[in-house]
Amino acid sequence: MESRLIFVNLAPVLQHMATTTLHIRNMVCNRCILVVRQLLEGLGLTPLHIELGKAIVQEELPPEAKAALNTALEAVGFELIDDRRSLLIERLRNAVIELAHYHDDGMRTNLSDYLSEKFHSDYSALSKLFSEMTGITLEKYYIAQRVERVKELLVYNELSLGQIADKLNYSSTAHLSAQFKSVTGITPSEFRKRSDRKRRPLDQV
């Protein structure tokens, strides 16, 4: 993701009376949080809280300020989300990414239970909407993200395959290998031996 930031002074159009919650597409890693924070501060905004997919700023943003902000976000690969269905899909993506990449212990939690509890909604309804909007099931998306996490650990080359399987709560090394090959077409051992061990950006998985 290119990190060239475009700063426009929004101070003349800001209203300092209420906070604004911004929902942002393609925030998929901790670095994204840093980039968005830098961008918001560069625009004269005051971030109160930033997490994957969401930022809360101290100022109330009128339409012209939001439009300028969206232009700046698009320049670095992000985008404001206003549509409720699209917003829910992005929140689901980010929840799966967080579970797969940032909470190894969380992988001991069933995906359907995790999402149902997090979104206070029936998993089948969430899964149906996700499939309709993205063309892939939540389960397959989760598997794809887990494989990217396995790739990351293989590239680090600090853990054996068995240790990775245990860390990510696979039932066995054979299970990990089978899932990895079904997604990538090669085994984890073959991936580890390659000189071009390419990983996919999380927003493109």
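In this predicted model, N169 is placed in the loop between α7 (161-167) and α8 (173-184). N169 has a positive phi of about 65°, although N169 is not a glycine. Most residues other than glycine have a negative phi. A second case is N26, which sits in the loop between β1 and α1. Here the positive phi is about 80°, and again the residue is not a glycine.

The sheet comes next. It is open and is formed by 4 strands in the order β2-β3-β1-β4. The pairing is antiparallel. Strands of a sheet pair through backbone hydrogen bonds, either parallel or antiparallel. β2 (47-51) and β4 (79-80) stand at the edges. Each has a single partner strand, so one side of each is left without a neighbour in the sheet.

β2 pairs with strand β3 (residues 54-57) in the antiparallel sense, over 4 bridges. P47 has V57 as its bridge partner in β3. I50 is partnered by A55 of β3. The hairpin of β2 and β3 has 2 residues between the strands. In this hairpin, G53 takes a positive phi near 85°. Helix α1 (residues 30-42) lies across β1 (20-25), β2 and β3. Its direction is about 155° to β2.

Helix packing was examined for two partners of α3. Two packed helices are described by the angle between their axes and the distance between the axes. For helix α3 (residues 84-101) and helix α6 (residues 138-156), the axes come within 9 Å and cross at roughly 40°. An angle of that size makes α3 oblique to α6. The crossing of α3 past α6 is right-handed. From α3, the contact is made by L92, R93, V96, I97, L99, A100 and H101. From α6, L138, Y141, Y142, Q145, R146, E148, R149 and E152 take part. By class, the residues in the contact of α3 with α6 are 8 nonpolar, 2 polar and 5 charged.

The axes of α3 and α5 come within 10 Å and cross at roughly 105°. That angle makes α3 roughly perpendicular to α5. In α3, the residues of this contact are R85, S86, L88, I89, L92 and R93. They meet L126, L129, F130, E132, M133 and T134 in α5. The contact of α3 with α5 divides into 7 nonpolar, 2 polar and 3 charged residues. L92 and R93 of α3 belong to the contact with α6 and also to the contact with α5.

One of the pairs is formed by F130 and Y141. Their rings lie 5.5 Å apart, centre to centre. The planes make an angle of 50°, and the pair is tilted. F130 lies in helix α5 (residues 123-134) and Y141 in helix α6. The pair links distant parts of the chain, with the two residues 11 residues apart.

Methods:
Residues numbered from 1 in each chain as written. Predicted model: local features only at pLDDT ≥ 70, side-chain atom pairs only at ≥ 80, totals over all residues. Heavy atoms only, no water. Axes fitted to C-alpha atoms, helices over the stretch in contact; angles between N-to-C directions. Parallel < 35°, antiparallel > 145°, perpendicular 65-115°, else oblique. Left-handed = near helix turned anticlockwise from the far one by under 90°. Contact = heavy atoms within 4.5 Å. Nonpolar A, V, L, I, M, F, W, Y, C, P; charged D, E, K, R; others polar. Pairing = 2+ DSSP bridges. Phe/Tyr/Trp six-rings, centres within 6.5 Å; stacked < 30°, edge-to-face > 60°.
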